[in-house]
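Morning, everyone. Let me put the model up, and then we can walk through it.

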Amino acid sequence: TKSYTIMIDAYGKCNQLARAFTLFYTMTRIGPKPNIVTYNAMIAACARNNEPNMAYEVFEEMQASRITPDKFTYGSLIDACAKSGQVERAFEVSRLMDQSGVIKDQTIYSALIDACGRAKQLDRALLLYEEMKRNAVWPNLVTFAVLIDTCANARRPDRAFQLFSEIKHWGFPRANVVVYTALIDACSKAGWPEQAERVMANMVANGIRPNEISFGALMDGWTKGGQIDRAFEIIERMVNVHQVLP
RNA sequence: GUCAUGAAACACU
């Protein structure tokens, strides 16, 4: 069962969902019997391949086989909803977890906030942030990344900076490249390329190396305002000063 | 003796 599950997981991650299903149904028909990890890997594969309905089908088959879902199961289901923009469905899963007594951890909250972020529902995301702290689930850098990304999507750079300033109070000496890039993106999307530049200068000063995604977010801010020449300058800076290849 | 399964960043689609 373990080896089959490893293969299902690999197929899912290579975007070969059909092959994952073939293997999965071979298991249900002739064995070896799928266990909870197998079902979870299948649901995660559906989530990654943007097939929320298939994820739910596997979830139902899992329950029909009298296997009790765990936090991995629910986490993948929420991710499937988040990626397909179904916020309400994500919250339904959250309620289901409460009913079945499965503890919501950092990963679950990040996935729920991500679902709000994709729907630009910043208020709801902030409520989740408060709720997790109330429940003694401490935010980590992924939490802050999804929160700041939500601010970016909701065009609220002010909130993004506010959240960014809270990071140090949670025991993190510095943010990482993903958090900084999300903050740059928040500035760019809001039409503040100068602020985005300041954030990048700040990240470099703190010893975090921007990558091609960081520069992409920065360029986007300038091109939005029609300053294409600025964007080309950034490409040169990226290659010459920061030694990042386009 | 966590390590077969779950969460985050730009643009294009």
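Before the counts, one definition. Here Ala, Val, Leu, Ile, Met, Phe, Trp, Tyr, Cys and Pro count as nonpolar. Asp, Glu, Lys and Arg count as charged, and the others, Gly among them, as polar. With that, the surface near RNA strand B splits into 15 nonpolar, 13 polar and 13 charged residues.

A caution: this is a predicted model. Chain A averages a pLDDT of 96, and 100% of the residues score at least 70. The ipTM is 0.91 and the pTM is 0.95.

Now the RNA. How many residues surround RNA strand B? The count is 41. The closest are N40, D105, S110, A145 and N211. And what does the protein meet on the RNA side? Take the atoms of RNA strand B within 4 Å of the protein: 45% belong to sugar or phosphate, and the rest to bases.

Some specific contacts. D105, one of the closest residues, has a polar side-chain atom 3.0 Å from a base nitrogen of RNA strand B. N176 also points to a base: a polar atom of its side chain lies 3.4 Å from a base nitrogen.

Helix α7 gives the most, with 7 residues.

Stay with α11 for a moment. T181 sits in that helix. Is T181 buried or exposed? Buried, because its relative accessible area is 9%, and the cut-off for buried is under 20%. A polar atom of the T181 side chain lies 2.6 Å from the backbone oxygen of V177.

Next, α12. This helix covers residues 193-205, so 13 residues by the DSSP run. From first C-alpha to last, α12 reaches 18 Å, close to the 18 Å expected at 1.5 Å a residue. Its buried residues are P193, A196, E197, V199, M200 and M203. An α-helix has 3.6 residues a turn, so residues three or four places apart point the same way. On the other side of α12, R198 and A205 are exposed.

That is the tour. Questions, please.

How values were computed
Residues numbered from 1 in each chain as written. Chains lettered and ligands numbered in written order. Predicted model: local features only at pLDDT ≥ 70, side-chain atom pairs only at ≥ 80, totals over all residues. Heavy atoms only, no water. Near = heavy atom within 4 Å. Polar contact = N/O pair within 3.5 Å; in protein donor to acceptor, adjacent residues only side chain to side chain. Helix = DSSP H or I, 4+ residues; strand = E, 2+ residues; numbered from the N terminus. pLDDT = per-residue confidence, 0-100. Expected span 1.5 Å × (residues − 1). Buried < 20%, exposed > 50% of the residue type's maximum accessible area, 1.4 Å probe, protein only.
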